[in-house]
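This report goes through selected side-chain interactions in one protein model. The sequence and coordinates are shown first.

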There are 2 protein chains.
Amino acid sequence: MKESRRRFSVEEYEERKLKVLTAMTRHQLDLLVITDPANMCWLTGYDAWSFYVHQCVVLSGHGDLFWFGRGIDVASAQLTTDIPAGAIFVYPDECVHSVDQHPMQHLADIVREKSFAGARIGVEMDNHYFTALACDTLRKHLPAATISDATSLVNWQRVVKSAREIDYMMIAGSLIEKVYEHVMTVVEPGMAKNHLVAEILYVSTRGAEDAFGDYTSIAPLIGAGDEAAASHMTWDGSPLEQGNGMFLELAAAHGRYHCPCSRTLFLGEPEQKYHDIERVIAEGIEATLPLFRPGVTCGEVAGSFFDLLEKHGYEKDNRCGYSIGLSYPPDWGERTLSLRRSDRTELQENMILHFMPGMWFDNWGFEMTESVQVTPQGGACLANVPRQLLVK
Amino acid sequence: MKESRRRFSVEEYEERKLKVLTAMTRHQLDLLVITDPANMCWLTGYDAWSFYVHQCVVLSGHGDLFWFGRGIDVASAQLTTDIPAGAIFVYPDECVHSVDQHPMQHLADIVREKSFAGARIGVEMDNHYFTALACDTLRKHLPAATISDATSLVNWQRVVKSAREIDYMMIAGSLIEKVYEHVMTVVEPGMAKNHLVAEILYVSTRGAEDAFGDYTSIAPLIGAGDEAAASHMTWDGSPLEQGNGMFLELAAAHGRYHCPCSRTLFLGEPEQKYHDIERVIAEGIEATLPLFRPGVTCGEVAGSFFDLLEKHGYEKDNRCGYSIGLSYPPDWGERTLSLRRSDRTELQENMILHFMPGMWFDNWGFEMTESVQVTPQGGACLANVPRQLLVK
């Protein structure tokens, strides 16, 4: 791995591997096929936009690890990881988007050659990019293996962040502050939505003097007017209108680590309903932040917030947060714990969550969210963006 | 569907549906579960960044169609499609990133209620976002159904572009021209890579006066110095160095339709090897473009180009192109035909391909690519970016 591309120390990667190995022992796995690009990167440093083809890193219970992917991505593996040349395996390019042969046939061959034909093999059955056919191909070509579901096994090892990971996320936090400052400077009625997004992308990618802005795992989401009721729509070229509210669901990223932060922006004099919900959400965040401390469960955090919403006559039937950190498209969520009443996961120090009190109504919406670090003193926000309805 | 969000006529959506229905008959399918977001959008207009959770549109052989997804995305379905309220189904939010229940259980319930429990059901087994667990869950909860692989079934219906689709792609082509013009204006030795990318994103997203720039399905890929050997690496904050070559693999997009176009840029006086490969690739493109006409096979196109490369002593062991059009992350490729010797697909008028003569060597690389429309007169490039090694 080139020094400049090494984002964490050798020791930190070793610790990460140890965590995964411990989890593999607990799940009685001899081999783990890791296809989630965020898990691949967290474990080895591998970082490239190659996840549109099949690829993985494979870890054995003895701690041996190899990379498997497309020939033209070997250079990325060499540049971003310490995986030795002998542990880098490629499949023929003919397999790419082909119906004749599947890359996983070739992975099965390697697994057999390494004497794991009859092993207990974990695969990430519900992580992104592990397709149904990838799984079926492995099953077919490794008939003696016991293939079991290891969805999120690695993701769960990532939930407590190291000091350096927190540094990265705080840098991302400082970048999202710049983004909102800039938005407030340039936004105005009549501005085309894509022009606003261009400004957002420019500032978030430029980053700061000594901190580059990385691509975010979700494109800027901006719902204006009626579309503010739709939580995940992107932009077109239509203008932002005076007298309209819009939500901005944005993040900044540094070295693949994210800090999401959403706000609602009103152009003109906001209707009373905006002020009403702003007050309730602000009170809810204020009351709930102290609960982001070790030992409190996700359900308790969510319950506190939902109870307060209900007291004020609002109802929210979707989760109000999730774990965040290192990620690749299509999601900046870590896909482990969720802030919902039924989630009994206990918070631990240095977990980081996107606390996401978004409300979507029939034809409008309101988002005001924070990325929050769990500390013994309660939640610490990664970014300091004015926590209010933004008005211009 | 709101008029402003309708990208194609009702008639065009009907034609598309008919194409899929015909293919379903050929494959003897009663029901098709379409999870690929590009296929969902092409068939119905559905457009939102919601593909990080399970969702689909389901089409029956009789032409009935329904949307299935998360509650908070219903508004996007209402705003971007004509699907009636009665054909919009949601799964409980508790299913999102949960190990307790899978969204596909609920889809199975709906399929049963619609009397398709024993049907022949096609699923997109190797398309992105159809996970192994999604498939297994459907199998488990629809034990009487015959679930078969319909990977790329819809993708193949998309390969020949309509007049309006070509308009969109030509607009994207005009936007990528602006991007390269701007790159040549601003790039200079010492510039941080992320600063260059910020400029690229700014210009591509602003688009033109009457054509917004959409997000592209792959982030700008920029490999400089040693990293030019790595085909899919993204940027960091390191500076572009005088005396270094870099490839830029970029696209612009409009309404989710893409025009990729890659070039190689050298800061300073290029070494001879850059001029050598430039000459060969330019000659190869020139000689091969006339073959982009109906009736010629992908293998013949690829063979012509590879033969010429080999004549000059170069070898390329990966495909040199693929079909493009409407897409979502992580890929702007359509995942149907590929320009490789073994692909016997005959080109048809108004197919559009990314002709992709990228060469990656030990510690450098060269890309000079074109998005090409198949016409009776041969290939027509969608963008007019100077086809040469860019030098500054």
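The sections below cover the model and its confidence, one arginine, ring pairs and salt bridges.

## Model and conventions

This is a predicted model, in which local features need pLDDT of at least 70 and side-chain atom pairs count only at pLDDT 80 or more, while totals for chains, interfaces and linings use all residues. Residues are numbered from 1 along each chain as its sequence is written, chains are lettered from A and ligands numbered from 1 in the order in which they are written, and side-chain values use heavy atoms, with hydrogens and water left out.

The scores for the model are ipTM 0.97 and pTM 0.97.

A:Arg16 belongs to helix H1 of chain A, residues 10-26; helices (H or I, at least four residues) and strands (E, at least two) are DSSP runs, numbered from the N terminus. With a relative accessible area of 4%, A:Arg16 is buried. Buried means under 20% relative accessible area, exposed over 50%, and partly exposed in between, with a 1.4 Å probe and protein chains only.

Leaving aside neighbours within four places in sequence, A:Arg16 is in contact (heavy atoms within 4.5 Å) with A:Phe8, A:Trp42, A:Leu43, A:Glu165 and A:Tyr257. For A:Trp42, the backbone oxygen lies 2.7 Å from a polar atom of the A:Arg16 side chain. A:Arg16 also lies over the face of A:Phe8, 4.2 Å from the ring centre. A charge sits over a ring if NZ of Lys or CZ of Arg is within 6 Å of the ring centre and within 35 degrees of the ring normal. In chain B, the charged end of B:Arg16 sits over the ring of B:Phe8, 4.2 Å from its centre.

## Aromatic pairs

Over all chains there are 40 aromatic pairs. Rings of Phe, Tyr and Trp (its six-membered ring) pair if their centres lie within 6.5 Å; planes under 30 degrees apart count as stacked, over 60 as edge-to-face and the rest as tilted. B:Phe68 and B:Tyr91 form a tilted pair, because their ring centres are 5.3 Å apart and their planes are at 50°. B:Phe68 is in strand E3 (residues 65-70) and B:Tyr91 in strand E4 (residues 88-91) of chain B, so the pair ties together parts 23 residues apart in sequence. B:Phe68 is buried at 0% relative accessible area, and B:Tyr91 is buried at 2%.

A cluster linked by ring pairs includes A:Trp49, A:Phe51, B:Trp49 and B:Phe51.

## Salt bridges

The count over all chains is 44 salt bridges, each a side-chain nitrogen of Lys or Arg within 4 Å of a carboxyl oxygen of Asp or Glu. In the salt bridge of A:Asp30 with A:Arg120, the closest N and O atoms are 2.8 Å apart. A:Asp30 is in the loop between H1 and strand E1 (31-34), and A:Arg120 is in strand E5 (residues 120-123), 90 residues apart. A:Asp30 is partly exposed at 22%, as is A:Arg120 at 37%.

A:Glu227 and A:Lys193 meet in a salt bridge at 3.4 Å, N to O, and both residues are buried. A:Arg256 forms a salt bridge with A:Asp214, with the closest N and O atoms 3.1 Å apart. A:Arg256 lies in the loop between E8 and strand E9 (257-267) and A:Asp214 in the loop between H8 and E7, so this pair ties together parts 42 residues apart in sequence. Relative accessibility is 0% for A:Arg256, which is buried, and 2% for A:Asp214, also buried. Salt bridges that share partners join A:Asp136, A:Arg139, B:Asp136 and B:Arg139 into one network.

Methods: Polar contact = N/O pair within 3.5 Å; in protein donor to acceptor, adjacent residues only side chain to side chain.
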